[in-house]
Amino acid sequence: MDNIDDLMADAIQLIGKSDNILIASHVQPDGDSIGSALALAIALTKIKDGIRVLKVDDIPADYKFLPGIELIGEWQNGELDLFIALDCADIDRLGPGKALALRARHLINIDHHITNDNFGDINIIAESAATGELVYDLIKRMEIGFDTDIATCLYTAISTDTGRFMYSNTSHKTHLIASELLKMGIDINSINTNLYQNRSIERTNLFLDSLSGLEMFADGEVAVTAITQDMLDINNAKLEDTEGIISFIRGIDTVEVACLLKEIARGETKVSMRSKMRIDVSRICNKFGGGGHLRAAGCTIYDDIDHAKKLILDEIKTIFR
Ligand code: 5GP
Ligand code: MN
């Protein structure tokens, strides 16, 4: 495999000679995907015209404060020299962006998921806490000056994907990058208030509802809860309002594996999984066609939520038997 220096150099050369560049990230976007995409878009806008971030899904309210959010939209231009996919373990995660990624003359894939299947022409896949760390590295190597806007987006990417610098993916390098971003004069109080102290009452009610349905298995080592469309309706909440539930459940002292099932529609269930110390949840999700990281992973099961729960629990229980 090529080393990261060569891959970064190849990517920079390709970006340099491309005119129409589209950046995109995964459906059901999180802070890392949106933060990384906006940071790269703002940076490239300094050296090129017409840089766009493709809207592959609705943007959760949590991230609407981010600078550069107006760069997210549809792709109007016919020609597409280069598509840059960020934070996507496989091409299907691009959702409606997949067709454009396949149509583009070149495809760069930048990601930090161990399960990434190298779907790009250039694949910058490295273990890092967040895709935001890889984008930081790329912008630095391109010698584009960082500014407060880029730094705000990257700080958001890294803070959210490390659970505020708490998860095991947080490294020495994570803190060094955060330090560099702080030097840019970002307003950390404003960022943190927007990200973590901005919960609506609807989200709060959904949270309470989800906890009342909590089930424990394997002597308390496994905790599972489900969010149905009915629960969203009753609480006037959206799917994005499930944010925070799974990490709260993992925080229970006996829990090693936390699992949250979300009813996307009848016959379609999104599964989020987290672990604390021992279990590789990406392997469990891989069995259902998903993936992710050692301690945070997900998959979609095309089945009703009750049956999906049974399938997932049977799989988890084999590990604890
Ligand atoms: P979340 O539970 O927050 O949706 O996702 C946790 C982690 O698993 C994230 O890194 C996310 O990218 C990854 N992930 C979630 N769903 C899927 C999926 O369906 N396929 C793959 N490959 N990764 C996923
Ligand atoms: Mn990520």
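A cavity here is a set of points, on a 1 Å grid over the protein atoms alone, where a 1.4 Å probe fits but cannot get out. This is a predicted model, in which local features need pLDDT of at least 70 and side-chain atom pairs count only at pLDDT 80 or more, while totals for chains, interfaces and linings use all residues. Residues are numbered from 1 along each chain as its sequence is written, and side-chain values use heavy atoms, with hydrogens and water left out.

The structure holds one cavity of 30 Å³ or more, a volume being the space filled by probe spheres set on the points, which are joined across faces, edges and corners. The largest cavity has a volume of about 100 Å³. It is lined by 13 residues (an atom within 4 Å of a point); closest to its centre are Pro 29, Ile 34, Val 53, Leu 54 and Ile 59.

I turn to the domains. The assignment, automatic or from a database, gives domain 1 (4–196) and domain 2 (201–320). Their C-alpha centres lie 26 Å apart. In contact (heavy atoms within 4.5 Å) are 13 residues of domain 1 and 14 residues of domain 2.

Which side chains meet in a salt bridge? They are those of Asp 62 and Arg 203, at 3.0 Å, N to O; the rule asks for a side-chain nitrogen of Lys or Arg within 4 Å of a carboxyl oxygen of Asp or Glu. Across the interface of the two domains, one salt bridge is found.

Definitions and conventions. Chains lettered and ligands numbered in written order. 1 Å grid on protein atoms, 1.4 Å probe; cavity = no way out; pocket = protein on both sides within 12 Å on 5 of 7 lines; lining within 4 Å.
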